Amino acid sequence: MPHMTDCGLPGVKDIPYGVHMCNFYRDGNELAAALVPYFAAGLRASERCIWITADPLPAAEAKARLAATGFDVEGAVASGALVVRDHDDWYAEAGALKGNQVVDLWLEEEQRALAAGYAGLRITGNVTFLRAEEWELFMEYESLVQRAFHGRRIVTLCTYDLGRCGAAEVLDVMRRHSCTLDRPDHGWQILTPA
Amino acid sequence: MPSIPVQHASWRELLSAPPPGSHPLQIYDGDAFLASAVSHFAAEGLRKGEAVLLNGLPHHTDAIRASLEAGGVDARAALRHGQLTIFDVREGLGSLDGDGTLSTEQLHASLCEMTRAARQDGRFPGVRWWGELTNLLYQRGEREAAFRVERVAGEAALEAGTTILCSFLGDRFDAAAYDGLHAMCCAHSHVIPAADYAANRLAVNRAIADVVGELRGSLLQSLSLWKGPACDQPSSQAILFWLRETLPERFDAVLARARAHHQLGSMSFAP
């Protein structure tokens, strides 16, 4: 199986499986501009795609935006290739878990996807639900993900609302991801640490 | 993939269980924070049965001892049993040669020997040091000697598997202090920049938002490529070092705003 896959974002080359990326967005349109092509590429690459949504792009709108690109979203959901769930639903099941248990849950999901014949697992999580007092704990979780997903057939894009992140939080997030996806003007670029 | 820097969440957490061989730096702007942090470091060591050596100015060691006793630690008994030892840092200046240069070999040997002695043939499983020799040298203008002491102390900490906590008087909102602060941070394993991490983060974030705005595009790219000091330090401090290198023309303004936000925050939390 190839070790690289299509990121989906125009201007960004193929990305390796195991990559743990982050993106900072200003609003729902910017968020959709990153996630819709990201998941479209995942579906084209026969990956199982799991989209955990939250405001400003809830599940119904996420599906509608993806469908607008010409994908048979309902068909993909019915076949199990695509899972789109609001964070509140997902959190009801996974919210009580500790960071390493959530990581284990993702690793099990990867194994199920591979066993079902998918090329890998593509996931995203938008963390607008985070409260300030939960930040440190969530950063620990991001560190665990960064370590655990390395070398796995998982592609991850974590999205952060720039309006809720100060400069120190931006650095916190960048330190715990393989790279940052940014769209300063019209084109996407991938920012990798030195 | 890059290695993930381990970051301590709070200075209390770090000083409760510092990694063996670590060499943390506390940047303090008032004696109360110095006494609070060092007494926490010492108390946790004493509770774990470790030997604790305090090497400071008498008014500092008196305040630390008072803070230990206020926290329920029987410092007198610890001193009597040899678990706690207190030195006057001014006596350590005797390890400077007559011409004012430091005998690094002598200092290294002295640190290692004192650590061995402090263990008392295994009676104490670990040793914690706190010192402000560097601070004293730096405040006297002997900066080269101060950094030499830090190098030796860092090597000795690693070699002896002990923890050496240093306190350094510095104003983190003063741009003129940053040459020294940066060099000091580079000479240590961990940096404790402030007593209240959350308030410090808020002040720094607000100041950067006011003066610089959003971190996007070329700024985000620069941050991604930036290699700062390798020490473990909160992002709220690291981002200031990055800013100093990346936008030096706005650094003073950011620090001034951060100081104002910090003072305002302190006032609003006052009873």
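Let's start with helix 9 of chain B, residues 178-186, whose buried residues are B:Leu181, B:Met184 and B:Cys185. Buried here means that 20 or more other C-beta atoms lie within 10 Å of a residue's own; exposed means 12 or fewer, partly exposed is in between, and the C-beta atoms are placed from the backbone. Helices (H or I, at least four residues) and strands (E, at least two) are DSSP runs, numbered from the N terminus. Why do these residues lie on the same side of helix 9 of chain B? They cover an arc of only 100° around the axis, which puts them there. That arc is taken from the directions that run from the helix axis to the C-beta atoms.

And what covers them? The cover includes strand 1 (24-28), strand 5 (163-169) and strand 6 of chain B. For contacts, the rule is that two C-beta atoms, placed from the backbone, lie within 7 Å.

A quick word on the model. It is predicted, so local features need pLDDT of at least 70 and side-chain atom pairs count only at pLDDT 80 or more, while totals for chains, interfaces and linings use all residues. Residues are numbered from 1 along each chain as its sequence is written, and chains are lettered from A and ligands numbered from 1 in the order in which they are written.

Now the sheets. Chain B has an open sheet of 6 strands in the order 3-2-4-5-1-6, with parallel pairing. Strands pair if DSSP finds at least two bridges between them. Strand 3 (84-88) and strand 6 (190-192) of chain B stand at the edges with a single partner strand each, so one side of each has no neighbour in the sheet.

Chain A has an open sheet of 7 strands, ordered 5-4-6-7-3-8-9, with mixed pairing. Its edge strands, strand 5 (82-86) and strand 9 (189-191) of chain A, each pair on one side only. Further in, 3 bridges join strand 3 (residues 20-25) of chain A to strand 8 (residues 179-182) of chain A, and these run parallel. A:Cys22 stands opposite A:Thr180 in strand 8 of chain A.

Next, how the chains meet. 24 residues of chain B are in contact with 23 residues of chain A. Helix 10 (197-211), helix 11 (218-225) and helix 12 (235-246) of chain B each supply at least two residues of the side of chain B that touches chain A.

B:Ala238 lies in helix 12 of chain B. Is B:Ala238 buried or exposed? B:Ala238 is buried, with 25 other C-beta atoms within 10 Å. Leaving out residues up to four places away in sequence, B:Ala238 touches A:Leu171, B:Gly228 and B:Gln233.

A:Leu171 brings us to the largest nonpolar core, which has 65 residues; among those touching the most other members are A:Leu171, A:Phe39 and B:Ile239. A nonpolar core is a set of buried Ala, Val, Leu, Ile, Met, Phe, Trp, Tyr and Cys residues joined through C-beta atoms within 7 Å. Helix 1 (residues 28-44) of chain A gives the most to this core, with 8 residues. A second, separate core of 56 residues includes B:Ile27, B:Val152, B:Leu165 and B:Phe168. In soluble globular proteins, nonpolar side chains tend to be buried together.
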